[in-house]
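Thank you all for making the time this morning.

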Amino acid sequence: MIDVTSPADGRRVGQIGSQLRDSVSDVVASLRGSQPAWEGIGPHDRAGWLRRYRDWLLDNHDRLCGLLQAETGKPWTEANLDLPYVVDVTNYYAKNAARFLADQRPARHSLLTITKRQLVTRRAYPVVGVITPWNFPLGLTLIDAVPALLAGASVVVKPSEFTPLATRAAVDGWTEIGAPPVFACVTGAGETGAAVVDEVDYVQFTGSTRTGKAIAKSAATRLIPCSLELGGKDAMLVLADADLPRAANAAVWGGIANAGQMCTSVERVYVEASVYDEFVNLVTDRVRALRLGSDATGYRYDVGPLATSTQVDIVRRHVADALERGARVLVGGQNSGQFFEPTVLVDVDHSMLCMTEETFGPTLPIMRVADVDEAVQLANDSAYGLSATIFSRDTRRAEEVARLLQSGAVNINDVFSNLFALPVPQSGWKQSGMGARNGGVYGIQKFTRPQAIVTSRLMTPRSELTWYPYTASRTAVLRRAARLLGAGDLRRKLF
């Protein structure tokens, strides 16, 4: 058994079993057996089940959020953020599933296929494995599981061993509503996740770049697809014409929300020199006002603990390295247990870990730049490319700057807004991943395989020109037809 403890005070809040390879194999085999009937009921009926499940989630909202808070230590407001997002994703894909998965009949492209009827249909991967981290355990699990279920796949989820309780309870809700047995949860540490990768037909993983690379290698060995949403070192660019109060508020929330434990957290800020001092003062005042702590359902605190002691060590190391290399702390910089004070760092540069490695903690390093060209160059000087932010009153110019950034998403005058815009993809460039989450039709079709069905129709001869026996006359007809249909000028068509 694995103890689940609260990062706020270390108390045990639950226990889970550690399911080994044989157990995972049995779970996946059962899901595989149930999947054809689930796919067979069609997208309309599947959407009906997902809407019933959505209602169950809403009816059990407080219980699930309570479990989530107990295992993560989040402030109560943040513990309540996962489920509204899941509800939105469920409604969006339930509404559009039938249209996104509908058969397509492509137009015939040439006379060569004039007698053929062409059909493209979508067939679900039998079992999708969803492996999720500890920072948003409920949200990240369900926003991937829901479209996979709607696509017609069975789904097995493997939550982090640090935060499995809310996810396990949410998956139990699928059984409570009497839904078909196509949704299951397995628990355990890394070996359990590895067993999932070895058994399923598609892997959706969110987590560290290191683990993502290992999953990609295992998936490649089995020739199964995977989608990986990995680490980030997201940059914010504050241009001289920015609305500074809004930019400062966005930087603080974007960098400190969830104690900075988001792949899309603002992890470094580049500010044009003419507004640097004013921006830093605004940010420092806002960070100083944040309340650090943890309680139950109250609203006394803004920032909770880091999820693991390992994460505390990383944040502490990044701050210490910055100070050794000449940076200054304007506010914060200390930890008590697994709580780390929201921290503003200035006089930073790219020799420091806080500007180059993923911190995943409540730090906000701010760097002065001469102009937007330097900001773009520094923002792109990273192994990561998950998302970025630009603040400027000139939105047309900001969009031009956005096209220069090596990032899967760019938010202008906002943070995280791309995550809630479900028709657009959330994709990572460089070391931030492969594939994408959401993206309208893509977000559900990725859990399916295209199947082409071509039917001969109208008058079909007993033998086609390309069939046996091969003869000189048949070959001559084929060559002449190729010239007539394919050549771009009259001379080549006729001679």
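Let me begin with a question: where is the place of Phe 495? Phe 495 sits in the segment after H19, and please keep in mind throughout that what we are looking at is a predicted model. With a relative accessible area of 66%, Phe 495 is exposed, the cut-off for that word being over 50%.

Phe 495 also belongs to a nonpolar surface patch of about 860 Å², whose other members are Leu 111, Leu 112, Ile 114, Leu 484, Leu 485, Leu 490 and Leu 494. If we ask which elements give two or more residues to this patch, they are helix H18, covering 472–486, and helix H19, covering 490–494.

Let me step back to the overall picture before going further in. The protein has 19 helices and 23 strands, and its C-alpha atoms fill a box of roughly 85 × 60 × 35 Å when that box is taken along the principal axes. Of its 495 residues, 54% count as buried.

Next, the largest pocket. Its volume is about 1,100 Å³, and among the 38 residues that line the pocket, those closest to its centre are Trp 134, Gly 207, Ser 208, Arg 210 and Thr 211. Two or more lining residues come from each of helix H8 (190–199), strand E7 (202–206), helix H9 (209–222) and helix H12 (309–324). Which of these gives the most to the lining of the largest pocket? That is H9, with six residues.

While we are looking at H8, I would point out Val 197, which lies in that helix and, at 3% relative accessibility, counts as buried. Val 197 and Ile 131 are 66 residues apart in sequence, while their C-alpha atoms are 9.0 Å apart in space.

A second pair can be set beside that one. Gly 408 is found in the loop between helix H15 (395–402) and strand E18 (409–412), and Gly 408 is partly exposed, with a relative accessible area of 21%. Along the chain, Gly 408 and Ala 257 are 151 residues apart, and 21 Å separates their C-alpha atoms.

Now to the charged side chains. How many salt bridges does the structure hold? There are 21 salt bridges, and I will go through a few of them. Asp 9 forms one with Arg 11, where the closest N and O atoms are 3.1 Å apart, and Arg 11 is partly exposed at a relative accessible area of 45%.

Arg 123 and Glu 39 likewise meet through their side chains in a salt bridge, at 3.5 Å from N to O. Because Arg 123 lies in strand E3 (residues 116–124) and Glu 39 in helix H1 (residues 21–40), this pair ties together parts that are 84 residues apart in sequence. As for the setting of the two partners, Arg 123 is partly exposed, with a relative accessible area of 38%, whereas Glu 39 counts as buried at 16% relative accessibility.

The salt bridge between the side chains of Arg 368 and Asp 277 is also listed at 3.5 Å, N to O. Here Arg 368 is in strand E15 (residues 363–369) and Asp 277 is in helix H11 (residues 273–288), so the pair ties together parts that are 91 residues apart in sequence. Arg 368 is partly exposed, its relative accessible area being 41%, and Asp 277 counts as partly exposed at 46% relative accessibility.

I will end with the cysteines. How many disulfides does the structure hold? The number is zero. Cys 185, for instance, is in no disulfide, and the nearest cysteine sulfur to it, that of Cys 65, is 17 Å away. Is Cys 354 buried or exposed? At 1% relative accessibility, Cys 354 counts as buried.

Terms used: Residues numbered from 1 in each chain as written. Predicted model: local features only at pLDDT ≥ 70, side-chain atom pairs only at ≥ 80, totals over all residues. Heavy atoms only, no water. Patch = residues over 30% accessible without salt bridge, like charges linked within 9 Å, V, L, I, M, F, W, Y side chains within 5 Å. Areas by Shrake-Rupley, 256 points an atom, 1.4 Å probe, with all protein chains shown as cover. Salt bridge = Lys/Arg side-chain N within 4 Å of Asp/Glu carboxyl O. Helix = DSSP H or I, 4+ residues; strand = E, 2+ residues; numbered from the N terminus. Buried < 20%, exposed > 50% of the residue type's maximum accessible area, 1.4 Å probe, protein only. Disulfide = S-S within 2.5 Å. 1 Å grid on protein atoms, 1.4 Å probe; cavity = no way out; pocket = protein on both sides within 12 Å on 5 of 7 lines; lining within 4 Å. Points joined across faces, edges and corners; volume = space filled by probe spheres on them.
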